[in-house]
Amino acid sequence: QQISWTPLLVLGYLFYLLLGAMVFQLLEKQAETHFRDQFQLEKLKFLQNYTCLDRQALEQFVQVLMEAWEKGVNPEGNSTNPSNWDFSNSFFFAGTVVTTIGYGNLSPSTVAGQIFCVFYALFGVPLNLAFLNQLGKALNAHLLTLERWVQKPGRAQVQCQFTIFAIFLTTGTLLFLVFPPLVFSYVEGWSYGEGFYFTFITLSTIGFGDYVVGTNPNKHYIPVYRSLTAIWIVFGLAWLALVFNVGADLMERYLQLKWHKSDLSLAEGDTTKLEDEPEQPRIHIPS
């Protein structure tokens, strides 16, 4: 009887979440405490330098800054900053809605915009999934063509599939994960590590919103910069989704193979045990 590996998968999933929680807490909590204390110290210094202000007035101004940031208005610069809702930025925002990335740095502030966003996502998310599915099928068709080209007589099919997946993974990694951070580092002024972090967080649809392209008011961007970024996101999503699907399929097959081998070993052990035992008289029970 085949043993179900589902409980093992559930336990592994919960363990992975607990491990991530402990590591994030270990890495980030102390830094958060340091930044919080530093911010409070800066507020005290500000009040000491400007005695005409009291703490309540400063807290109200901080609240204004927080509300401006939540509405997508960068507190830096002045009123001449480019609009967050020009066509290029709006196109980029529409892409983050249907792809469910949702950075969170920009959102509709009007009731009409919020209602439209709900219905836009309601129909746009399935449309995006269907589009990515077709794009994934096209990529898969190219993979099959490449597999037929690579496969030679006498070469194992598993080895051929592994070679194709390695080529697909390497090419996509270069196009969607390695080269784009170089562009973002040049345009946005980020480090390569920050650009790589933004790239993966975006294509995995995690979308924290701590790094978003085209939001620095001190930078001059070409009008189609964010639109081109949105197109890169769509193709990168299709590639990464296919990689995740293949990876999950390989992991599932590996677990099933392990359990199947375990079942076979148990069955062979039982057979050996029966062969070692002396033969018992057989009793015929009529039906």
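The buried residues of helix 3 are Ser88, Asn89, Phe92, Phe93, Ala94, Thr96, Val97 and Val98. Buried here means under 20% relative accessible area, exposed means over 50%, and partly exposed lies in between (1.4 Å probe, protein chains only). Helices (H or I, at least four residues) and strands (E, at least two) are DSSP runs, numbered from the N terminus.

The model is predicted: local features need pLDDT of at least 70, side-chain atom pairs count only at pLDDT 80 or more, and totals for chains, interfaces and linings use all residues. Residues are numbered from 1 along each chain as its sequence is written, and side-chain values use heavy atoms, with hydrogens and water left out.

Helix 3 covers residues 87-98, which makes 12 residues. The expected span of a helix is 1.5 Å times one less than its number of residues.

**The chain as a whole**

The chain has 7 helices and 0 strands. Read from the N terminus, its elements run α-α-α-α-α-α-α. Of its 287 residues, 24% count as buried. A contact means heavy atoms within 4.5 Å. Among contacts between residues at least 6 apart in sequence, 58% join residues at least 24 apart. The accessible surface comes to about 20900 Å², and 66% of it belongs to carbon and sulfur atoms. Such areas come from the Shrake-Rupley method with a 1.4 Å probe; for residues, only the protein chains shown count as cover.

**Around the end of helix 3**

Threonine 100 lies in the loop between helix 3 and helix 4. Its phi is near 60 degrees, a positive value in a residue other than glycine. Threonine 205 also has a positive phi of about 60 degrees and is not a glycine. Threonine 205 lies in the loop between helix 6 (192-203) and helix 7 (225-276).

Which residues does asparagine 128 contact, leaving aside its neighbours within four places in sequence? They are Val98 and Thr99. Asparagine 128 is found in helix 4 (residues 111-150).

Leucine 26 is found in helix 1 (residues 6-49). Together with Phe15, Leu18, Leu19, Met22, Val23 and Leu27, Leu26 makes a nonpolar surface patch of about 750 Å². Patches are made of residues with over 30% relative accessible area and no salt bridge; like charges are joined within 9 Å, and nonpolar side chains (Val, Leu, Ile, Met, Phe, Trp, Tyr) within 5 Å.

Side chains of opposite charge can pair when their charged atoms come close. A salt bridge is a side-chain nitrogen of Lys or Arg within 4 Å of a carboxyl oxygen of Asp or Glu. The structure holds 2 salt bridges. In one, the side chains of arginine 36 and glutamate 32 meet at 3.1 Å, N to O. Both residues lie in helix 1, 4 residues apart, about one turn of the helix. In the other, glutamate 59 meets lysine 43 at 2.6 Å, N to O. Glutamate 59 lies in helix 2 (residues 55-70) and lysine 43 in helix 1, so this pair ties together parts that are 16 residues apart in sequence.

The table lists the accessibility of residues discussed above.

| Residue | Relative accessible area | Class |
|---|---|---|
| Leucine 26 | 68% | exposed |
| Threonine 100 | 45% | partly exposed |
| Arginine 36 | 44% | partly exposed |
| Glutamate 32 | 42% | partly exposed |
| Glutamate 59 | 32% | partly exposed |
| Threonine 205 | 28% | partly exposed |
| Lysine 43 | 9% | buried |
| Asparagine 128 | 9% | buried |
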